[in-house]
Amino acid sequence: MSLPSQLLQTLWPFRLEKRPEPSSTMRLASPLIAATAMALTGLIVFLILGKDPVTAFQVFFLKPLSTTYDLGELALKATPLMLCALGLALGFRANVWNIGAEGQLTLGAIAGSGIALFWGEALGSFALPVMMIAGALGGMAWAAIPAFLRTRFHTNEILVSLMLVYIAQQLLGYLVHGPWRDPDGNNFPQSKVFVENAILPMLVEGTRVTAAFIVALLLAVASWVFSTKTFAGYRMLVAGLAPQAAAYAGFSERRNIWLALLIGGGMAGLAGISEVAGPIGLLQPVVSPGYGFAAIIVAFVGRLHPFGIVLASLLMSLLYLGGEAAQIDLQLPSSITGLFQGSLLFYLLAADLFITFRLRRIRRESRAVAGVAS
Amino acid sequence: MNFEHLIPIFVSTVVAATPLIYAALGELVTERAGVLNLGVEGMMLVGAVAAFAAGIATGSLVLAFLAGMLAATAVSLLFAFLTLSLQTNQVATGLALTLFGVGLSAFIGRGYSGMPIERVPRLDIPGISDLPVIGPLLLNYDALVYLSIALYFALSWFLNHSRAGLRLRATGESPTVAHAIGEPVIVIRYLAVMFGGAMSGIAGAYLSTALTPMWVEGMSAGRGWIALALVVFATWKPLRVMLGAYLFGGVTVMQLYAQGFGVDVPSEFLSMLPYAATIVVLVIICRDPKTILLNQPASLGKSFHPDA
């Protein structure tokens, strides 16, 4: 055995041992472990920043849950996260790595806004349904690009879908600075405010949460039915778990890629139009504070399972609200949210290891034996 | 248009390509060892903010670059620990690293927005840098530009002509065989990931102290991802990384000069060019699946567990 390996073993005297069977307890416990570890990290960060950790903790994690309005905000911010994550999870399970939900969300916002701005009045009570469909189609169209390039030219969907995020943001910038800018808007880069029949109705009086939250919950159920009760969902599951078995069974890889990206893109597009037709009410240069990227974390924390994603999106939404509250009450930077979100995923990935492995300490004798053996 | 006008375009192309060279060559080494680190964008941002903060605090650009390298290496170690010691999925962990890096850099950099910093100086060798044409064209860059070219030569030699490079490549092609003949696969991979981290750190530091001497949240603007695409485009060969980086540098500066040439296109569409170009070159190179299959390190992205 070489010196570097020996050094590594002294520093890290543990050995990973595969469990006879993946632990289903750990599968559910791991997001909780990760969330706890993230909260502990939060405490340390608060301490470093010289804030009383108990107060900070209260402001960050409990205050956003205290009033009806706050709970409405929780559901409001969870909506786009849930929509994007449900679609992404379907792909991740089938080994299709769409990480451009942010771009698909943007295109959904653009497509739906086009309807609202040009035909909003004429469509009357049909405006909202048409906008929703246009939003979903916009997101699908954007996701169709990586799907086409992957199936036709074997181009990696991670890089293509990500590049399209930047292109979508530039396109949005062009529209609100140029042709779609409100001529009476004091030169602000934003569109006209949508007409009333093109704005999503409030769900609960006194909050800002819209009907899109209900749509997202229904889609979570639909997504569960799709992946557990339909053959198409089953094919995607097999493709992710056992690609060779899927190929042997004659399941088409192309069809899975198209399905995963179109569904993911459509859901992200729906999230985009729900944002502009909901809390924003017009088209502006930034329509999302990175919901499409945060949804990647939501998908993993939710165990790629629709109902897990519902819970995870509420947790992630809490992190956004906590960041805002911490900024107002404690003068902490709101960017702390990104730090928490990122570390949550790290902790989750680390904790996930113990689903399939367990840690065993390497005893001195066995180390010696290992040394002789090699 | 005469020759004089081409000089500034050439110069800005070289400068714009430099951070891409560092990040892509670093990732190339990581990937040749069989590890796919999608966290380049995050590591660059961490490097950029660390370098900026250190530059402001110490006033020394050397220390700024060291800080950028160290900080990015530190976060790359986090990735290495998770993927190599804990065997987590490399794609998911790399994404986590990028998301974490974006958040961490925004958090650290919150006080630094809008602050000025001294720009990395250009070398000014009396008598030589003033030579007509050749002077401004080739001999008037900052030191990092020349070092990036030196890095290319050093890496080409290392990968293809040194014993250590052979061991690195063996680890990437077949970790099982490398392990069987006694190579410390995990240690080699740790070092490769750390090297990638350090280079991303330099790339980030270059962004915040040389290319645009300031700190802006998310200032890498997808360059980390473009660097990842460059490695694929280069079919894991250093020379083609260089060519690709200069090509992309050219596309990036085109948007600055296009309007000067009377190209009447909204600036947003010009800003899309580097991203669109990335997609186009990926399509060209991936069109024939054999190109990737024959060149990609065989174990790229797969976890390796010595006991398995």
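Is Lys77(A) buried or exposed? Lys77(A) is buried, with a relative accessible area of 10%, where buried stands for under 20% and exposed for over 50% (1.4 Å probe, protein chains only). A word on ground rules: this is a predicted model, in which local features need pLDDT of at least 70 and side-chain atom pairs count only at pLDDT 80 or more, while totals for chains, interfaces and linings use all residues. Residues are numbered from 1 along each chain as its sequence is written, chains are lettered from A in the order in which they are written, and side-chain values use heavy atoms, with hydrogens and water left out.

Lys77(A) sits in helix 4 (residues 68–93) of chain A; helices here are DSSP runs (H or I, at least four residues), numbered from the N terminus. Beyond four places in sequence, its contacts (heavy atoms within 4.5 Å) are Tyr291(A), Ser317(A), Tyr320(A), Leu321(A) and Glu324(A). With Glu324(A), the side chains make a polar contact at 3.5 Å, meaning N or O atoms within 3.5 Å, one able to donate a hydrogen and the other to accept it; residues adjacent in sequence count only if both atoms are side-chain atoms.

Now let us turn to the two chains together. Chain B brings 49 residues to the contact and chain A 45 residues. Between them about 4100 Å² is buried, 84% of it from carbon and sulfur atoms; this is the accessible area (1.4 Å probe) lost on being put together, summed over both parts. One residue pair is in polar contact between chain B and chain A (both at pLDDT 80 or more). On the side of chain B that touches chain A, helix 4 of chain B gives the most, with twelve residues.

Terms used
Helices (H or I, at least four residues) and strands (E, at least two) are DSSP runs, numbered from the N terminus. Buried area is the accessible area (1.4 Å probe) that two parts lose on being put together, summed over both.
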